[in-house]
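Have the structure open as you read.

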Amino acid sequence: MDQLKVKDRILENISLSVKKLQSYFAACEDETPAIRNHDRVLQRLCEHIDHALLYGLQDISSGYWVLVVHFTRREAVRQIDELQHIATNLGRSRAWLYLALSESSLESYLRLFQENQGLLQKYYFKNALVCSHDHLTLFLTLVSGLEFIRFDLELVSISVITMSS
């Protein structure tokens, strides 16, 4: 599969996961539930977002933590760094993702990706999903569909990053 099709497939998977979350919320008329760590639909969404953020990364073992640490508020970085059960930057990447979802700030962070192309080029190959203007714009649009969903995620029980597609 060529790189363009891979990027399209990653975004298609994110789109499907966002739609599943939206459907779940729409079905709960009387109360607004919160998505929690153990919810399978959250785990699938995070796998797909991880895939998007890891695709084209020059050093996958460092995760996207090496990038997001540049524009994440200091207290959040400290909070993630102090997590005893996370020993790798891949784990810190997932913790950052959970925090961004819980704070409804993922879309804002992705906008910072757009505004910091020089920083992206430092950590990503030019064929990365986040380095493609069109793909990153679609990624932002898809993530904006999460804005009304309430996440109640604990950083102490983060699931492992997998690279399934």
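Helices here are DSSP runs of H or I at least four residues long, numbered from the N terminus. Please keep in mind that this is a predicted model.

Pro 33 sits in the loop that joins H1 to helix H2, the latter spanning 40-54. Is Pro 33 buried or exposed? Its relative accessibility is 11%, so Pro 33 counts as buried, the cut-off being under 20%. In sequence, Pro 33 and Thr 88 are separated by 55 residues, and their C-alpha atoms lie 31 Å apart in space.

## H1 alongside H8

Helix H1 covers residues 3-27, and its axis comes within 10 Å of that of H8, with a crossing of roughly 5°. An angle under 35 degrees counts as roughly parallel, so H1 and H8 are described that way. From H1, the contact draws on Leu 4, Lys 7, Asp 8, Leu 11, Ile 14, Ser 15 and Val 18, while H8 supplies His 135, Leu 138, Phe 139 and Leu 142. Sorted by class, the residues of this H1 and H8 contact are 7 nonpolar, 2 polar and 2 charged.

With a relative accessibility of 8%, His 135 counts as buried. Which residues does His 135 touch, leaving aside its neighbours within four places in sequence? They are Leu 4, Lys 7, Asp 8, Leu 11 and Leu 129.

## H6 against H8

H8, residues 133-144, also packs with helix H6, residues 106-115; here the angle is about 165° and the axes are 9 Å apart. That angle makes H6 roughly antiparallel to H8. The crossing of this pair is left-handed.

On the H6 side, the contact involves Leu 106, Glu 107, Leu 110, Arg 111, Phe 113 and Gln 114; facing them in H8 are His 133, Leu 136, Thr 137, Phe 139, Leu 140, Val 143 and Ser 144. The contact of H6 with H8 is made up of 7 nonpolar, 4 polar and 2 charged residues.

## H2 across H5

The axes of H2 and H5 approach within 11 Å and cross at roughly 120°, so the two helices are oblique to each other. Their crossing is right-handed. H2 contributes Leu 42, Cys 46, Glu 47, Ile 49, Asp 50, Leu 53 and Leu 54, and H5 contributes Leu 90, Arg 94, Trp 96, Leu 97, Tyr 98 and Leu 101. The class count for H2 with H5 is 10 nonpolar, no polar and 3 charged residues.

## Leu 153, after H8

Our last stop is Leu 153, in the segment that follows H8. Leu 153 counts as buried because its relative accessibility is 11%. Not counting residues up to four places away in sequence, Leu 153 touches Ile 35, Arg 36, Asn 37, Leu 42, Tyr 98, Leu 101 and Ser 102. Between Leu 153 and Gln 114 there are 39 residues of sequence separation and a C-alpha to C-alpha distance of 26 Å.

Key:
Residues numbered from 1 in each chain as written. Predicted model: local features only at pLDDT ≥ 70, side-chain atom pairs only at ≥ 80, totals over all residues. Heavy atoms only, no water. Axes fitted to C-alpha atoms, helices over the stretch in contact; angles between N-to-C directions. Parallel < 35°, antiparallel > 145°, perpendicular 65-115°, else oblique. Left-handed = near helix turned anticlockwise from the far one by under 90°. Contact = heavy atoms within 4.5 Å. Nonpolar A, V, L, I, M, F, W, Y, C, P; charged D, E, K, R; others polar. Buried < 20%, exposed > 50% of the residue type's maximum accessible area, 1.4 Å probe, protein only.
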